[in-house]
Amino acid sequence: MRTIKTYFFIAFLLFTCNILYGQDDQIYEEVAVPAEYEGGMGKFYKWAIQELKYPKDALESRVEGKVYVKFIIDEKGQVIDDSIEVVRGLNESCNNEAIRILSACSTWTPARTHKNKKKGHNVKQRMVLPIPFKLPNN
């Protein structure tokens, strides 16, 4: 009987430690401090436009617009590759290029649960961003 109580006590302690030390697998939509690309979103879009390889078929068909991509930034500021998903696309090649751009981007500042760094902790955040496809001027 004592052994069963010991196992329950150990299980309770492990469960409590997970809660206290932020073993949080929840994915947040809204947070006190949202995830941000290092240097700001302006820098992200400048980088994305430089890195974008306009698909040949989209150029020939004169496809232009935005691909909206949903993805998750983890607690370390990394894009989780298998979370990248097109929410609203243009065509298959533009959609694939938007996914490639997000997979290739560098570290983000992770989202936080509180503005005060001592009170909050880093969390996963789901984001949706448009990736613009604008035809080059002739």
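The exercises below work through a predicted model, from its overall make-up to single residues.

Residues carry numbers from 1 along each chain as its sequence is written, and side-chain values use heavy atoms, with hydrogens and water left out. Local features need pLDDT of at least 70 and side-chain atom pairs count only at pLDDT 80 or more, while totals for chains, interfaces and linings use all residues.

**Exercise 1. Describe the secondary structure and the contacts of the chain.**

Step 1. The chain has 4 helices and 7 strands; helices (H or I, at least four residues) and strands (E, at least two) are DSSP runs, numbered from the N terminus.

Step 2. Read from the N terminus, the order of elements is α-β-β-α-α-β-β-α-β-β-β.

Step 3. The chain has 138 residues, of which 32% count as buried. Buried means under 20% relative accessible area, exposed over 50%, and partly exposed in between (1.4 Å probe, protein chains only).

Step 4. Among contacts (heavy atoms within 4.5 Å) with a separation of 6 or more, 74% join residues 24 or more positions apart.

**Exercise 2. Find the aromatic pairs and characterise the one between Phe44 and Trp108.**

Step 1. There are 8 aromatic pairs in the structure. Rings of Phe, Tyr and Trp (its six-membered ring) pair if their centres lie within 6.5 Å; planes under 30 degrees apart count as stacked, over 60 as edge-to-face and the rest as tilted.

Step 2. The pair of Phe44 and Trp108 is tilted, with 5.6 Å centre to centre and 50° between the planes.

Step 3. Phe44 belongs to helix α2 (residues 41-51) and Trp108 to strand β5 (residues 108-109), so the pair ties together parts 64 residues apart in sequence.

Step 4. Phe44 is buried at a relative accessible area of 0%, and Trp108 is buried at 0%.

Step 5. Ring pairs also link Tyr37, Phe44, Tyr45, Trp47, Phe71 and Trp108 into a cluster.

**Exercise 3. Identify the buried and exposed sides of α2.**

Step 1. The buried residues in α2 are Phe44, Trp47 and Ala48.

Step 2. These residues lie on the same side of α2, because they cover an arc of only 100° around the axis; the arc is that of the directions from the helix axis to the C-beta atoms.

Step 3. On the face turned away from the buried side are the exposed residues Gly42, Lys46, Ile49 and Gln50.

Step 4. The cover over the buried residues of α2 includes β2 (36-37), α4 (92-104), β5 and β7 (122-133).
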